[in-house]
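Morning, everyone. Please bring up the model on your screens, and we'll walk through it together.

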Amino acid sequence: MDQLTTDRLMEIMRICAGEVDPVVTTADPEDIDFADLGYDSLALLETAGRLEREFGVAIGEGELADARTPADLTALINRLLAKTA
Amino acid sequence: MSTDTEGLALDDTVVTGMGVVAPTGLGRDEHWTNTLRGASAIGPVTRFEAGRYPSRLAGEVPGFDPAAHLTSRLLPQTDHMTRMALVASDWALTDAEADPAQLPEYGMGVVTAVSAGGFEFGHRELQNLWGKGPEHVSAYQSFAWFYAVNTGQISIRHGLRGPGAALVTEQAGGLDALGQARRQLRRGQPMVLAGAVDGSPCPWGWAAQLSTGRMSEEPDPVRAYLPFDAEAGGYVPGEGGALFVLETEEAARARGARRRYGRMAGYAATFDPPQGSGRPANLERAARAALDDARLGPEEIDVVFADAAGTSEEDAIEAEALRGLFGPHGVPVTAPKTMTGRLSAGGSALDVATALLALREGIVPPTINVSRPRPEHTLDLVTAPRRIPLATALVLARGQGGFNSALVLTGPC
């Protein structure tokens with residue numbers, strides 16, 4: 001299974017929960033908190049379900065809660081993928 | 001439109017805004033124009049493949065593009081009827097020139113009625129559950145198919161943190177929501193957004209309605225829904241409805257609200273005895289109690305918007321109730337829902353919108369397609385637009401399972 005990229009993650013999030021809110025910042029979008037992007041816990045839950053199906057991984061509730069940014073979540077999925085490989 | 005608030009008492013419940021999403025039109029004006037024209041919106045079902053069902057006609061809302069009105073955030077988490085309700089809520093608030101941000105935090109409540117919840121959404125997710133497994137069910141299923149979903153989503157969208165409620169009384173729901181809103185106003189709530197946008201033209205919703213045995217199986221749209229007609233053979237379902245801004249006259253004056261569509265002068269609800277009990281239906285009692293509540297006599301009612309169930313048995317019950325109250329041919333009776341079909345809870349809410357516009361314009365909109373009204377009903381059925389002085393209207397609604405509701409409106413001045 002291919003690794004997850006943040007670009008692919010953002011695409012999945014758009015399908016699951018719509019476009020990101022406009023954010024005024026110089027930070028890289030992948031390092032912005034989901035909450036600041038406008039994604040709430042349900043949006044994350046929906047996204048997690050989709051990631052689990054697409055990548056064949058099981059995401060623990062605690063792990064999901066600890067992933068605060070797209071970069072965190074991407075790294076988490078890739079760690080889980082590496083474990084199952 | 002009247003800005004005349006003369007004759008209104010401070011504790012009166014007034015309607016200061018409306019949002020209409022109906023088979024007859026998107027928005028109040030389109031709906032009213034088409035309704036006066038007697039333009040039928042009943043046609044073949046397009047929202048799902050209905051070819052193999054015994055009933056294949058519906059009153060669908062045409063040209064509703066959710067993405068044109070709602071953010072991409074809302075689309076994955078909402079059923080079709082919730083999307084329409086959100087748009088109706090936007091329009092009602094705009095129409096009332098009410099800005100919830102200017103109100104106290106708990107200043108505005110929300111009451112909606114619904115019959116099935118987000119059935120189309122729920123249907124899809126249950127198919128995922130049983131077809132593919134629980135991990136394929138959307139997280140949004142946790143609320144998107146609930147009865148209370150429209151109230152919740154409207155509350156979130158506009159920041160309305162006052163009392164919220166959801167009522168489930170099928171077709172009577174549109175009136176019951178307004179009744180509940182008035183209770184909140186009487187408890188000191190200054191404003192409430194209330195009404196119903198409903199409908200579930202999806203395979204699951206269809207199966208549920210078919211089970212009542214009251215859906216018309218006539219394939220010709222002109223002959224499919226003929227309330228009070230010798231050939232009445234059931235109803236055609238539809239989708240849509242209307243939401244209203246209700247407030248006390250005192251609150252409306254305090255914020256400088258300019259528009260009064262009218263006053264909600266009376267409301268009552270009753271419940272029928274069980275079938276086979278031999279006891280009579282209670283529609284007439286609901287109507288009488290609503291008139292008493294409005295302190296009006298039957299001779300003071302200028303027009304009745306009928307429930308118009310469309311089955312001979314239920315039509316006879318309504319005709320008898322009207323005869324009991326008003327005498328034979330005693331009041332003009334109309335059923336503009338012959339153009340839209342029955343929109344579940346949205347149907348009676350749409351009737352309230354149409355009745356308020358009729359009061360404003362002094363025109364009774366027509367009942368269409370009914371060419372052979374049963375003479376024994378002794379109804380003065382309005383089958384072409386009728387221009388008469390209108391100061392008061394009675395709206396009747398019955399919900400599947402024994403609900404009867406009646407609402408009395410008085411005109412803007």
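How exposed is Arg223(B), in relative accessible area? The figure is 38%, so Arg223(B) counts as partly exposed. Keep in mind that this is a predicted model. Arg223(B) has a partner. It forms a salt bridge with Glu231(B), and the closest N and O atoms are 3.0 Å apart. Glu231(B) is partly exposed as well, with a relative accessible area of 34%.

Let's stay with salt bridges for a while. How many turn up over all chains? A search of the whole structure gives 29. I'll pick out two others.

Start in chain A. The side chains of Arg8(A) and Glu54(A) meet in a salt bridge, 2.7 Å from N to O. Arg8(A) sits in helix α1, and Glu54(A) sits in helix α3, residues 41–55 of chain A. The two parts are 46 residues apart in sequence, so this pair ties them together. What about cover? Arg8(A) has 23% relative accessibility, which makes it partly exposed. Glu54(A) comes out at 27%, also partly exposed. And this pair belongs to a network. Arg8(A), Glu11(A), Arg50(A) and Glu54(A) are linked by salt bridges.

Now over to chain B. Glu249(B) and Arg253(B) make a salt bridge between their side chains, at 2.7 Å, N to O. Is Glu249(B) buried or exposed? Buried, at 0% relative accessibility. The cut-off for buried is under 20%. Arg253(B) is partly exposed, with a relative accessible area of 38%.

Glu318(B) is in helix α11. Its relative accessibility is 0%, so Glu318(B) counts as buried. For a sense of the fold around it, take Phe228(B). Glu318(B) and Phe228(B) are 90 residues apart in sequence. In space, their C-alpha atoms are 9.2 Å apart.

Here's another pair to click on. Asn128(B) belongs to helix α4, residues 119–131 of chain B. At 16% relative accessibility, Asn128(B) counts as buried.

Now backbone angles. Arg295(B) lies in the loop between α10 (283–294) and β10 (303–305) of chain B. Its relative accessible area is 76%, so Arg295(B) is exposed.

Move along to Ala308(B). Phi is near 55° here, again a positive value in a residue other than glycine. Ala308(B) is in the loop between β10 and α11, residues 312–326 of chain B. Is Ala308(B) buried or exposed? Buried, at 0% relative accessibility. Arg295(B) is exposed, whereas Ala308(B) is buried.

Back to chain A, for the surface. Which residues form a negative patch? They are Asp28(A), Asp31(A), Asp66(A) and Asp72(A). Look at one of them, Asp31(A). Asp31(A) is in the loop between α1 (6–17) and α2 (34–37) of chain A. At 47% relative accessibility, Asp31(A) is partly exposed.

Last, the annotations. In chain A, UniProt places "domain: Carrier" at residues 3–81.

In chain B, the UniProt annotation is "domain: Ketosynthase family 3 (KS3)", from an unreviewed entry. That annotation covers residues 10–411. Over residues 10–411, chain B is 32% helix and 21% strand. The end C-alpha atoms there are 16 Å apart.

To recap a few points. The Arg8(A) and Glu54(A) pair is part of a network of salt bridges. Glu249(B) is buried, at 0%, and Glu318(B) is buried, at 0%. The negative patch in chain A includes Asp31(A). Thanks, and over to you.

Methods:
Residues numbered from 1 in each chain as written. Chains lettered and ligands numbered in written order. Predicted model: local features only at pLDDT ≥ 70, side-chain atom pairs only at ≥ 80, totals over all residues. Heavy atoms only, no water. Patch = residues over 30% accessible without salt bridge, like charges linked within 9 Å, V, L, I, M, F, W, Y side chains within 5 Å. Areas by Shrake-Rupley, 256 points an atom, 1.4 Å probe, with all protein chains shown as cover. Salt bridge = Lys/Arg side-chain N within 4 Å of Asp/Glu carboxyl O. Lys, Arg positive; Asp, Glu negative; His and termini not counted. Charge placed at Lys NZ, Arg CZ, Asp CG, Glu CD. Helix = DSSP H or I, 4+ residues; strand = E, 2+ residues; numbered from the N terminus. Buried < 20%, exposed > 50% of the residue type's maximum accessible area, 1.4 Å probe, protein only. UniProt positions renumbered as here; feature names shortened; annotations may be inferred.
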